[in-house]
Amino acid sequence: MIFQRGNPLDFERWAENSEMAHWGFHHCLPYFKKMENALAADHDDGFRGRSGPLVMERGPANNPLFQAFFAAVQQAGYPLTEDVNGYRQEGFARFDKNIHRGRRRSASQAYIHPIIKQRPNLNVLTQTFVRRILFEGKRAVGVEIKPRWGTPQTIYAREIILCGGAINSPHLLQVSGVGRAADLESVGVKVVHSLPGVGENMQDHLEVYVQHACTQPVSVYPSTVWYNKPWVGLQWLLNKSGAAATNHFEAGGFIRSNEDVQWPNLMFHFLPVAIRYDGSSPNGGHGYQVHVGPMYSDVRGSVKIRSADPAVYPALQFNYLSTPNDRREWVEAIEKTREILGQPAFEPFNGGEISPGPAVQSPEEILDWIGREGETAYHPSCTCKMGVDDMAVVDPQTMGVHGLEGLRVVDASVFPTIPNGNLYAPTMMVAEKAADLILGNTPLPAERLDFYIHRPQETVQDHFEN
């Protein structure tokens, strides 16, 4: 529920090839704005949309720990920014969240529910497993599905659009006969079309949380205790308010971990409680934590078919920490986080570092701890990348799968490289832009707004050449 577009230079990198020029930031910006209703954008600088279906609120970040965090980042020498989705991403700010009136503003709520009763040509099937795509020669003609309660069915269609995400879309292509021929043949899948890039180029954001105990009872820890949960639920049911009406990731930011990088390569989320994703709390009391991780790891992974049976999960190889640059940036990430949490602004609250803990100091110890404790930020992407090179899967002009007819892919798997931030917003932008490409609509005109570049004396092209 954290709404972040990514850095404008992310999309300029997508547009380096002339065939991808219409995926540059100035071409993507109008589609970001089209989908947004940014309630918290309190000044009109041209960067934010105000009438789209995705209503988003900005976290109030009024807990004393958030105030300490904003003071600490400035004491550490980092700037604040008005809007990480606006002119300047670099810096720290309150975050937009796709939550409106206490409820998650999902794609389903924003796009499907408002029209489903008025669209007789729209049929939504839930709890239905798509087993494979059916082909006649090089043309996709239908899908084989298996409802959770029922018998397998075949649905024929003039065109099929895969939106299964960076793991399911390439796997579905592979079990249907599209992918690296040797991988398919090794598990007994007949090759329909050899396309070696399917399932390759996987990119993700790995993250850890640096946790501190809190000496004052100001964190949201009480909301996690079992005897308070009925009250938390009642507040939400009655008023859509209280601890259940927010994602609690209301502030954070982006910085550069070293002077070699041209735009922010670390993302921070601050949380006013020390807790793990599984709900466990390491110290059983008040605390706070920073989620941190590199945004542009040069690590590349894969999604590979393991069986001709579509129900057998593919093999996922993320290759975290496998390159020197990735390991360097991870050490820098922990050092920068400790620098921020060690500032005077946190002195009234700092009860000591819980995780990784004082015993973890050297680069080797830090990397060993990350290897044990790192978790995916749930941002897998890039496994059916757009492009025109030998490893590209999707045509950036049409969203069609190279070499096939009647089949397109529209989801985070088509990103050429992973954007800087959470992936919900850029995935939705790709979908909005892809809709025009598929329908043959005239694209929205590019909006050529200047955006912040760390070294303004350089051009954008200089950034990529360097």
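**Exercise 1. Find out what share of the chain's contacts join residues at least 24 apart in sequence.**

Solution. Begin with the contacts in the chain between residues at least 6 apart in sequence, and it turns out that 68% of them join residues at least 24 apart. Here a contact means heavy atoms within 4.5 Å. The model is a predicted one, in which local features need pLDDT of at least 70 and side-chain atom pairs count only at pLDDT 80 or more, while totals for chains, interfaces and linings use all residues. Residues are numbered from 1 along each chain as its sequence is written, and side-chain values use heavy atoms, with hydrogens and water left out.

**Exercise 2. Describe the chain as a whole: its elements, its extent, its cover and its charges.**

Solution. Start with the elements: the chain has 11 helices and 21 strands, where helices (H or I, at least four residues) and strands (E, at least two) are DSSP runs, numbered from the N terminus. Next, the radius of gyration of the chain is 23 Å, close to the 23 Å that the globule rule gives for 466 residues, so the chain is as compact as a globular protein of that length. That radius is taken over C-alpha atoms, and the globule rule is 2.2 Å times the number of residues to the power 0.38. Taken along the principal axes, the box filled by the C-alpha atoms is roughly 70 × 55 × 45 Å.

Turning to cover, 54% of the 466 residues are buried, with buried meaning under 20% relative accessible area, exposed over 50%, and partly exposed in between (1.4 Å probe, protein chains only). The chain exposes about 20,500 Å², of which carbon and sulfur atoms supply 52%; such areas come from the Shrake-Rupley method with a 1.4 Å probe, and for residues only the protein chains shown count as cover.

Last, count the charges: there are 42 positive and 51 negative side chains, and the centres of the two sets lie 9 Å apart. Lys and Arg count as positive and Asp and Glu as negative, while His and the chain ends are not counted; the place of a charge is taken as NZ of Lys, CZ of Arg, CG of Asp or CD of Glu.

**Exercise 3. Work out how strand E14 is covered, and which strands are joined to E14 by bridges.**

Solution. Strand E3 (residues 91–94) is joined to E14 by 4 bridges and runs antiparallel to E14, with Gly91 opposite Phe254. Strand E15 (residues 266–271) is joined to E14 by 5 bridges, again antiparallel, and here Gly253 stands opposite Phe268.

**Exercise 4. Give the strand order of the open sheet of 3 strands, and identify its edges.**

Solution. The order is E1-E2-E4, with mixed pairing. The edges are E1 (36–38) and E4 (96–97), each of which pairs on one side only. Between E2 (residues 54–58) and E4 there are 2 bridges, and these strands run antiparallel, with Glu57 standing opposite Lys97.

**Exercise 5. Examine the backbone at Arg101, Tyr378 and Pro356.**

Solution. As background, most residues other than glycine have a negative phi, and most peptide bonds are trans. Arg101, in the loop between strands E5 (99–100) and E6 (103–104), has a positive phi near 55 degrees, and Arg101 is exposed at 64% relative accessible area. Tyr378, in the loop between strands E20 (375–376) and E21 (407–409), has a positive phi near 65 degrees, and Tyr378 is exposed at 59%. Finally, the peptide bond from Ser355 to Pro356 is cis, with omega near 5 degrees, and Pro356 lies in the loop between strand E19 (350–355) and helix H9 (363–373).

How values were computed: Two strands pair if DSSP finds at least two bridges between them.
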